[in-house]
Amino acid sequence: MKSIIRNISFLLLFGSITACGEKNVTVSYQEYPNAFRNPMKGFREFFAPGIDRMREEYPYPYGSMTKEYMQWNMIEDDPNDGVDKIIAYSNHRWKGVEDINVKVIPRVFLVWLEPWHGGKPKNPNNPDDLVGWHWPKGITQEKSPYKQRPNSVAAYVEEKDKNTPIIGGYFDPSFPERVEKLVEKLGQAWDNDPRVAYVEMGIIGEWGEHHDPDLSTYWAPHDEPDHVVNRTWIPGMEKILGDAFAKAFKNKKVMVRYAYEFKDYEFGIYWDSWSQPQEVVRGYEEMKKLGDRWKTQPIGGEITWNWGDLARFKSFEEVVADKDTREYVMEQIRNLHCNHLGGITWADFNDPKFQKNAEILQKAMGYRFVINEFTYPKEIKEQESLSISFSVVNTGSSPFYYNWPVEIALLDPVNHQKVWGKVLEDVNISEWMPGDNWSVNENKYQTAPEIYHVQENIPIDASIAKGKYILALTVLDPAGMQPSLRFANENYFEGGYHPMGYIGINEPIDDTRLDPNSFFDIQSDKSLKYQIKQPYTGPKDTKAPIPVIFDTDVGNDIDDVLAMQMLFNYEKAGEIDLLGITISKSNPYSIEYIDGYCRLNGKGNIPLGYAYNGATPEDGGYLRQTLDTIIEGNKILHPQRNIKSNLPEGYKLLRKLLASQQDSSVIFIAVGPETNLARLLKSEADEYSELDGKSLVAQKVKMLSVMGGLYGNEFDFPEWNLIQDLDAAQTVFKEWPTTVVASGWELGNKLLYPHQSILNDFPESYKHPLCVSYKIYDKMPYNRQTWDLTSVLYAIEPMANHFGLSPQGTITLDSIGHSLFTPSENGKHRYLTIQGEKNIQTTLGAIVRQVTGKDK
């Protein structure tokens with residue numbers, strides 16, 4: 001089905017002495033006026049398995065996601081059931097979603113509706129029935145004092161039972177451990193499953209909605225005026241769930257039911273009562289308090305029109321047909337930066353009136369990327385690069401939450417099939433943000449969306465035959481690397497590519513313009529799909545992430561912040577599990593800075609430890625200044641922990657973290673004074689381990705990568721990190737029982753971090769805390785030594801040949817802090833080296849890529 005041809009504008013600039021000279025062409029296409037399906041945004045479907053009949057026209061015009069309630073005992077009944085059972089049941093329930101380009105939002109649950117609220121048991125003739133109670137083996141059934149009120153879904157307790165707890169079920173003594181182990185398996189099954197869009201936490205409460213019972217006492221219970229412990233709420237379960245999901249899901253976004261819970265975690269929200277006046281305070285206003293959470297975590301839910309004020313409507317069609325309600329929904333979508341909404345299972349998308357109303361909401365939800373203009377050369381000659389540039393704006397309400405690759409391609413001019421393609425290296429579409437601060441009266445964001453500019457030079461393969469091609473752009477689904485995400489522009493070919501114009505390869509062409517009649521209507525294209533191996537058996541690479549502990553003196557030098565960002569990027573890539581951070585700078589602002597920076601990176605729940613009465617108590621050169629920085633009316637860091645938060649002693653946290661890990665598994669990185677490490681070595685048995693500190697380190701640590709000392713013959717002075725707490729440093733180098741690899745001052749002094757990266761490689765660098773701190777620390781432009789960064793790079797990538805290694809030996813420190821290396825076959829110490837300008841530049845490139853998160 002071809003589109004109705006609208007006014008397509010071309011801007012051809014010739015003869016101008018600008019970037020768009022006679023060799024280049026700039027094209028500008030009209031925005032596609034309608035709503036359309038795009039991955040992981042908009043209307044979200046739900047079908048009750050074995051009950052609801054899926055639509056004949058499925059997939060319908062807008063939806064690209066479906067919610068799947070997953071019964072616990074169907075994915076794990078026995079505690080010894082493996083990950084394969086979760087994958088097998090997921091394959092059964094999600095069969096074929098890839099063929100219609102639909103992603104899944106799974107939510108594990110136990111209880112559909114409690115019997116004292118009128119719940120019915122599972123239908124024995126429907127093995128996938130969601131109704132009923134789905135307790136796994138080993139968890140005793142609930143025994144409750146609640147009784148159902150006659151002719152009501154409410155419940156009550158008799159006076160004699162006013163303090164009687166619920167026995168079994170959520171309150172079974174073995175339940176917390178079962179939760180932790182299940183969530184670990186869920187992460188192994190779903191965290192790299194290309195079918196999964198986001199994961200709703202669920203598990204607790206009716207429908208997995210975190211009420212009945214509750215996870216906290218923040219809000220009053222449904223059936224009683226006040227909370228009763230172990231009946232209306234589960235003490236400690238909020239943290240158990242938060243820790244388990246944060247650890248299990250490094251790649252997929254996790255969403256929770258209520259914004260007032262899980263404050264120490266960077267989770268998205270599924271609010272299942274959008275536009276209900278009864279839920280304004282509990283839902284809408286609490287979600288508004290999350291600030292910029294929407295920039296990194298999805299906000300979604302559903303419009304539940306069978307209760308509250310919306311019960312006056314008999315269908316979803318009626319809800320959105322009502323002008324006041326529709327505008328109220330739209331206001332909430334825009335203000336909360338809503339990514340997706342459900343509640344549409346039985347809606348009739350063939351109804352023209354409903355389609356018009358639904359389109360209004362679909363265009364607003366999620367992202368909507370519009371290309372303003374695109375510039376490229378008319379001809380590429382042999383050994384020339386393809387130089388392209390384009391600008392794009394997000395007119396939707398949320399970002400796209402994953403960094404899918406953008407591909408530039410050459411298409412056959414006749415059949416429009418791809419001849420050649422190349423992924424753009426320096427584009428991160430998850431950074432393309434919409435506007436903010438919605439104005440109902442003006443029907444627009446007061447803070448307009450930023451226009452993002454992309455410019456790249458791309459080498460063309462010499463094997464491409466000379467001739468005339470169509471230059472095109474698309475966004476690929478990493479699952480199969482096929483076109484999937486579309487721009488909201490009219491220039492579109494069936495199959496997912498946006499053609500820009502004709503281009504000559506070793507052949508001049510006179511006219512670059514495309515025939516608008518060749519364009520295809522975006523909304524009508526149902527050919528898109530992604531690929532998974534059949535049957536899906538889990539990710540190809542099941543290598544577990546490396547457990548890492550980071551000890552830092554953030555505040556003394558800016559390289560600590562760069563090193564910390566490297567670790568966050570390693571974790572986002574699934575390469576490490578950052579267990580915790582201990583702070584060796586004994587200054588209170590270091591706590592606030594690190595906590596705020598962790599939250600910026602979605603790690604608000606990471607354990608922190610602090611060296612009380614330690615070294616370098618002064619404020620340093622950028623801590624307070626960055627914490628006090630206000631840009632566009634907002635602080636750039638939002639810490640919640642401070643010196644009054646009673647952080648554990650650094651060495652105590654280290655004991656706790658190490659005790660929980662497998663033997664010889666932990667990589668320890670220390671880049672400041674070694675106070676915490678020395679205190680750890682001297683520590684005695686405690687509640688975390690019966691081993692003393694040295695024995696615990698010997699059992700759990702694989703390697704210590706430390707920035708400290710000076711090696712070789714180029715320089716001779718006591719290195720700064722070591723002499724800030726010389727006694728501690730001497731203890732560590734003398735007593736540490738595992739392999740130690742030191743990065744000396746001379747190494748980082750050769751590798752200078754380029755200031756151009758600070759200016760150009762970070763989204764909204766003018767207000768990015770790393771960039772702001774870098775500019776505060778010293779007068780720009782300057783290139784800073786990468787001392788701490790070298791220790792991080794080697795620790796995580798020891799086999800990548802970034803550095804040379806000294807022979808084995810022993811490092812000792814004299815009375816004033818000189819580091820002395822003595823070769824020894826039995827020595828446990830080595831130090832890093834690097835020689836040659838080529839090696840220096842190659843290693844520096846690796847450091848910059850890891851700091852910025854750019855692809856290798």
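Which residue forms a salt bridge with Lys323? The views below treat this pair last. The model is predicted: local features need pLDDT of at least 70, side-chain atom pairs count only at pLDDT 80 or more, and totals for chains, interfaces and linings use all residues. Residues are numbered from 1 along each chain as its sequence is written, and side-chain values use heavy atoms, with hydrogens and water left out.

**View A. Salt bridge between Lys67 and Glu200.** A salt bridge is a side-chain nitrogen of Lys or Arg within 4 Å of a carboxyl oxygen of Asp or Glu; by this rule the count is 43. The N to O distance for Lys67 and Glu200 is 3.1 Å. Lys67 belongs to strand β4 (residues 65-71) and Glu200 to strand β8 (residues 198-200), so the pair ties together parts 133 residues apart in sequence. Strands (E, at least two residues) and helices (H or I, at least four) are DSSP runs, numbered from the N terminus. Lys67 is buried at 0% relative accessible area, and Glu200 is buried at 1%. Buried means under 20% relative accessible area, exposed over 50%, and partly exposed in between (1.4 Å probe, protein chains only).

**View B. Network of salt bridges.** Lys67 and Glu200 are linked with Arg107 and Asp272 in a network of salt bridges.

**View C. Salt bridge between Glu224 and Arg231.** The side chains meet at 2.6 Å, N to O. Both Glu224 and Arg231 are buried.

**View D. Salt bridge between Lys323 and Glu327.** Glu327 is the partner of Lys323, with the closest N and O atoms 2.7 Å apart. Both residues lie in helix α7 (residues 323-336), 4 residues apart, about one turn of the helix. Lys323 is partly exposed at 48% relative accessible area, and Glu327 is partly exposed at 40%.
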